[in-house]
Amino acid sequence: MKALQETGPFEGYDSEIHPLGSYGVLIGTFSTTVLGFLGWMGATGRRLPERFSGGDLALFGAATHVVTRVVAADKVTAVVRAPFTRFKGNASAGEVSEQARGTGFRRVMGELLDCPFCLSPWVAASFLISATVRPRQTRFVASIFALSGASFFLHRAYELLGEGLHRTRAQARLLHKEQEKQADEGVQFPGRGPQVVEPGRAPIPSPS
């Protein structure tokens, strides 16, 4: 059986492995889940919130960012991605670099789990669905990840500040050594050499 990208209007999409059929399965799964939830809400007489507050959206947005990073790149969650990805190397801040492997649905799952941007709609939908049914519990869980994200950025700011201070101190030491070297070689800096006094004028430094 030919792959979807080799048939009909999809033929000639590209020459690489892009399992369009498996992509379609993911799209269908996401759409069915969201529409199924909305249908269940209507069938049970439940009502969706008129709107989510700005605070909730900010909280869920921060939590979505952190969860997608944790799922897609964290070392510990590699056990979830390993069946679908191949390890390439370590990255910064406890993260790893991976690449999707295999073919068909296995490859598609690897691409999804390895991509924080691709995971964002899934995680965001999960938070909103959960917040509609269990708002207090959802805010509690989301707060854990939001605070983790704030801590991460504070750690990065601390590291960047420390790196800046180290560079400044290193440059100051190099400048001091260069000045000492020039002084040992007899190079005079402005204001350090003998002064020349002209009649009626204030002393001026002699040229080095």
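Two exercises with worked solutions follow.

This is a predicted model in which local features need pLDDT of at least 70 and side-chain atom pairs count only at pLDDT 80 or more, while totals for chains, interfaces and linings use all residues. Residues are numbered from 1 along each chain as its sequence is written, and side-chain values use heavy atoms, with hydrogens and water left out.

**Exercise 1.** Classify the aromatic pair formed by Phe 60 and Phe 127, and state whether each residue is buried or exposed.

Solution. 
1. Rings of Phe, Tyr and Trp (its six-membered ring) pair if their centres lie within 6.5 Å. The centres of Phe 60 and Phe 127 are 6.0 Å apart.
2. Planes under 30 degrees apart count as stacked, over 60 as edge-to-face and the rest as tilted. Here the angle is 10°, and the pair is stacked.
3. Phe 60 belongs to helix α2 (residues 54–73) and Phe 127 to helix α5 (residues 116–133), so the pair ties together parts 67 residues apart in sequence. Helices are DSSP runs (H or I, at least four residues), numbered from the N terminus.
4. Both Phe 60 and Phe 127 are buried (under 20% relative accessible area, with exposed over 50% and partly exposed in between; 1.4 Å probe, protein chains only).

**Exercise 2.** Classify the aromatic pair formed by Phe 37 and Trp 40, and explain how the two residues are placed in helix α1.

Solution. 
1. Phe 37 and Trp 40 are three residues apart in helix α1 (residues 20–43), so about one helical turn separates them.
2. Phe 37 has 12% relative accessibility and counts as buried, whereas Trp 40, at 37%, counts as partly exposed.
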